[in-house]
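Subject: Structure handover

Hello,

Here is the structure I promised to pass on. Please open it before reading the notes.

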Amino acid sequence: MTTEVIGLPGVEDLKRHLRIRHNLDDTDLEEKLAAAVDTASQFINRPIPWEDDEGEPVSVPNSVRLAILIIAAELYANREESVVGVTYSKIPKAENMLHFYRVGLGI
């Protein structure tokens, strides 16, 4: 039996977030979205979506969903590892949204 994952953002959600109306970058967006889910999953130290105590998938909370979109948008907008000639400041919005879903941090 396959269970539909509810709330995990898809490419169309990311395109809407980025205000992209064409399909030319869909493959790139899919890669960025997969990397964003992986990044968020590593940050909270659990798979996304995760399961409840009965083994049933938990709907992805809106803040986690939006954090994934923000991370993917950042990866799309800044494809290189460095920026030359500009002042660049990272706002930890995605990390702040994910913080309360972290597990396994100890005391």
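Below are the notes, from the overall fold to single residues.

**Overall**

Please keep in mind that this is a predicted model. The chain has four helices and zero strands. From the N terminus, the order of elements is α-α-α-α. The C-alpha trace spans about 50 × 40 × 20 Å along its principal axes. The chain has 107 residues, and 29% of them count as buried.

**Salt bridges**

How many salt bridges does a search of the whole structure find? It finds six.

Start in α1. Arg16 pairs with Asp13, with 2.5 Å between the closest N and O atoms. Both residues sit in helix α1, three residues apart, which is about one turn of the helix. Arg16 counts as exposed because its relative accessibility is 57%, over the 50% cut-off. Asp13 has a relative accessible area of 17%, so it falls under the 20% limit and is buried.

Next, Lys15 and Asp26 form a salt bridge at 3.2 Å, N to O. Lys15 is in helix α1 and Asp26 in helix α2, so this pair ties together parts eleven residues apart in sequence. Both Lys15 and Asp26 are buried. Glu12 joins Lys15 and Asp26 in a network of salt bridges.

A further bridge runs from Asp28 to Arg79, with the closest N and O atoms 3.4 Å apart. Asp28 belongs to helix α2, and Arg79 to the loop between α3 and α4, so the pair ties together parts that are 51 residues apart in sequence. Arg79 is partly exposed, at 46% relative accessible area.

**Largest pocket**

The largest pocket has a volume of about 460 Å³. It is lined by 22 residues; those closest to the pocket centre are Ile70, Ile71, Glu74, Tyr88 and Lys90. Helices α2 (26-44), α3 and α4 each give two or more residues to the lining.

Which element gives the largest share of that lining? It is α3, with five residues. By class, the lining has eleven nonpolar, five polar and six charged residues.

**Tyr88 and the surface patch**

Tyr88 is one of the residues closest to the centre of the largest pocket. Tyr88 also makes a nonpolar surface patch of about 270 Å² with Val83 and Val86. Its place is the loop between α3 (62-77) and α4 (93-98). Is Tyr88 buried, exposed or partly exposed? Tyr88 counts as partly exposed because its relative accessibility is 40%, between the limits of 20% and 50%.

**Backbone points to check**

Most residues other than glycine have a negative phi, and most peptide bonds are trans.

- Arg19 is not a glycine, yet has a positive phi of about 60 degrees. Arg19 lies in the loop between α1 (11-18) and α2. Arg19 is exposed, with 73% relative accessible area.
- Asn45 also has a positive phi, near 65 degrees. Its place is the loop between α2 and α3. Asn45 is partly exposed, at 48% relative accessible area.
- The peptide bond from Ile48 to Pro49 is cis, with omega near -5 degrees. Pro49 is in the loop between α2 and α3.

Best wishes

Definitions and conventions. Residues numbered from 1 in each chain as written. Predicted model: local features only at pLDDT ≥ 70, side-chain atom pairs only at ≥ 80, totals over all residues. Heavy atoms only, no water. Patch = residues over 30% accessible without salt bridge, like charges linked within 9 Å, V, L, I, M, F, W, Y side chains within 5 Å. Areas by Shrake-Rupley, 256 points an atom, 1.4 Å probe, with all protein chains shown as cover. Salt bridge = Lys/Arg side-chain N within 4 Å of Asp/Glu carboxyl O. Buried < 20%, exposed > 50% of the residue type's maximum accessible area, 1.4 Å probe, protein only. 1 Å grid on protein atoms, 1.4 Å probe; cavity = no way out; pocket = protein on both sides within 12 Å on 5 of 7 lines; lining within 4 Å. Points joined across faces, edges and corners; volume = space filled by probe spheres on them. Nonpolar A, V, L, I, M, F, W, Y, C, P; charged D, E, K, R; others polar.
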